[in-house]
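Morning, everyone. I have one structure to go through today, so let me put it on the screen.

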Amino acid sequence: MTANATQEGRAAQFELLPGKGLTLVRLAVWPPLAWIGAFFFIPIGFMLAISTWTRARGGLDPAWTLDNYEKILTRSYLLEGLTNSIEVALITTAISVIVAYPIAYVLAYRVPIKWQRVLLILAILPFWTSYLVRSYAWTVVLGDLGIVNVLLSQLGLISEPLILNYTRAATVLGFVHFFVMLLTLTIYANLVQISPLYRHAAADLGASGFQCFWRITLPLSLPGIMVGAFLTFVVCIGDYITPQILGGGNELLLPQSIIIQIQRTGDLPMAAAMSVVLMLTVTCAYFLTARWLRLDRL
Amino acid sequence: MKKLKPDLGILYLVLAYVFIFLPVVVLVMFSFTSRDLPLPPFEGPSLKWYARILSDQRMLQAMVNSILLAGISSLVATFLGFLGAYGVARHKTRWDGLIRYAMMAPITVSYLIIGMGLLVSFHALGLPKSLWVVGIGHVVLNLPICFAIILAGMGDHQRNIEQAAHDLGASDLQALLFVTLPVMRPSLFAAFCLSFTFSWDEFIIAFLLTRFEVTLPVLLFEMLRAGSNPLLNAAGSLVFLISICLVLAAVVLTMRQRRG
């Protein structure tokens, strides 16, 4: 087939064969769209609506009010869930980027190419343990009789076991462990796409190794960092399991407060309003980072 | 820069890998302990905790629930994802951008939000919680992944094969069934495998939307409240093993397709 004939063939597919076949192609997108509409967009719209209702005796009172939102912003035990969550997510994101960047950098620039792939697959292998099981495994590692405390006391560095479990630090550690894998991947994918010619050119013009990194490599790898950081923030702030298992009940994060509203208080409108606040926080994060989030550039 | 020289960078890499693998190694290692707690010193190896799983009725039931849930919801998600990708790739309209955006939308919110939406909706409609509702939620969260993977596998060269089938007199349905589907098999299988791992691992939607028929992650979470136990290590290691096998299958298949 010549190029010309192929093009004609394509034109024929779109224009000259309307009746019999094209209907099938035209209809194909409808079932998945219907599913997402019925079980994603409509339920979320419904959740928005219910968040403006209140709980009444024996059910819900569908009178429009912003009471729930007012409570979230004024009652300290509810507001703390939100501020704690934002703090933990920001700390996690910052530490994860700092830990992951050198891993990605060494993998991309210092390790021979044939090893890169193997090491990368190894680096994300623990990603596939269930996140629940991974958090549980950390409680075992961090426990009073866990490996960390046993090692430290055998080295004579501590006389009494450190309290590591059920703290904010444990939650952050569990999160960082998970997101370092994710960020290594996005940053690595970005780094290997930067042409080495830029660095060679900078070196030829007399830039030191550090200048080369600071002025060339780092700015060019910003999209990879931001995509990973955004994903980290979003997944982190919506996660219930890690803070629940590793953080214990000492301080509540937003998803934990939401579950408490559902299970103990039985206040669905309040839980819905808090979920909306969670969504809004993520939306804010999106707009703050949007100019770097061209996913197709990765 | 070609050879691996031991220096600060490599040292950092080694430390990072120790950090990344520490919980997994501890998890798997202490699933073989013969003691009653998953703590050092390690004694064993013993398979008693794996044997315990096989004799634990609740655990087996939860595992069967999880496998059925993941299997059925991933099949549906793969099928719908294929339809979406097929429609978008083969029939250009001015709504394409919007359709793609709608298909990918569930990926932009937390699982918790998807679960909450379904929970309040089903509650308000007076419908009971069940594994089926969890399955509906799992299809929602896996559809974008299936759609993206299958769309990426629907290249132009495949369109040419379809065109050839048309030229030889095949109807659209015939071309779809006998040409497109067989050619797309690796992508479809990869999408299915990945969906399966996500659904099989998923906790919060299953936690919110089931009451009595629990999935494995929900059961493990309940067991966790009673404290650590090598049984959890053994169950966790099994979950890990199954996920890894599925992911490797998906990776091998997509790589083979890319080469072929």
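How many residues of chain B are in contact with chain A, and how many of chain A with chain B? This is a predicted model, so please keep that in mind throughout. In this model, 73 residues of chain B touch 65 residues of chain A. On the chain B side, helix α1 of chain B, residues 8-29, gives the largest share, 13 residues. By type, that side of chain B divides into 53 nonpolar residues, 16 polar and four charged.

Now to one helix pair across the two chains. The crossing of α9(A) past α1(B) is left-handed.

Which residues meet there? From α9(A) we have His177(A), Val180(A) and Met181(A), and from α1(B) we have Phe19(B), Ile20(B) and Pro23(B). Five of the residues in this contact are nonpolar, one is polar and none is charged.

Staying on α9(A), have a look at Val172(A), which also sits in that helix. Is Val172(A) buried or exposed? Val172(A) has 22 other C-beta atoms within 10 Å, and the cut-off for buried is 20 or more, so Val172(A) counts as buried. Setting aside neighbours within four places in sequence, the contacts of Val172(A) are Val88(A), Ile91(A), Thr92(A) and Ile95(A). Arg215(A) is 43 residues from Val172(A) along the chain, and their C-alpha atoms are 31 Å apart.

The last item is a helix pair within chain A. Helix α14, residues 254-265, packs against helix α15, residues 268-289, at an angle of about 165 degrees. Their axes are 8 Å apart. With the cut-off at 145 degrees, α14(A) and α15(A) are therefore roughly antiparallel. Here too, the crossing of α14(A) past α15(A) is left-handed.

As for the contact itself, α14(A) brings Leu254(A), Ser257(A), Ile258(A), Gln261(A) and Ile262(A). The division is eight nonpolar, three polar and no charged.

That is what I have; questions are welcome.

Terms used
Residues are numbered from 1 along each chain as its sequence is written. Chains are lettered from A and ligands numbered from 1 in the order in which they are written. This is a predicted model: local features need pLDDT of at least 70, side-chain atom pairs count only at pLDDT 80 or more; totals for chains, interfaces and linings use all residues. Axes are lines fitted to C-alpha atoms, for helices over the stretch in contact, and angles run from 0 to 180 degrees between N-to-C directions. Helices (H or I, at least four residues) and strands (E, at least two) are DSSP runs, numbered from the N terminus. Angles under 35 degrees count as roughly parallel, over 145 as roughly antiparallel, 65 to 115 as roughly perpendicular and the rest as oblique. A crossing is left-handed if the near helix is turned anticlockwise from the far one by less than a right angle, and right-handed if clockwise. Two residues are in contact if their C-beta atoms, placed from the backbone, lie within 7 Å. Ala, Val, Leu, Ile, Met, Phe, Trp, Tyr, Cys and Pro count as nonpolar, Asp, Glu, Lys and Arg as charged, and the others, Gly among them, as polar. A residue is buried if 20 or more other C-beta atoms lie within 10 Å of its own, exposed if 12 or fewer, and partly exposed in between; C-beta atoms are placed from the backbone.
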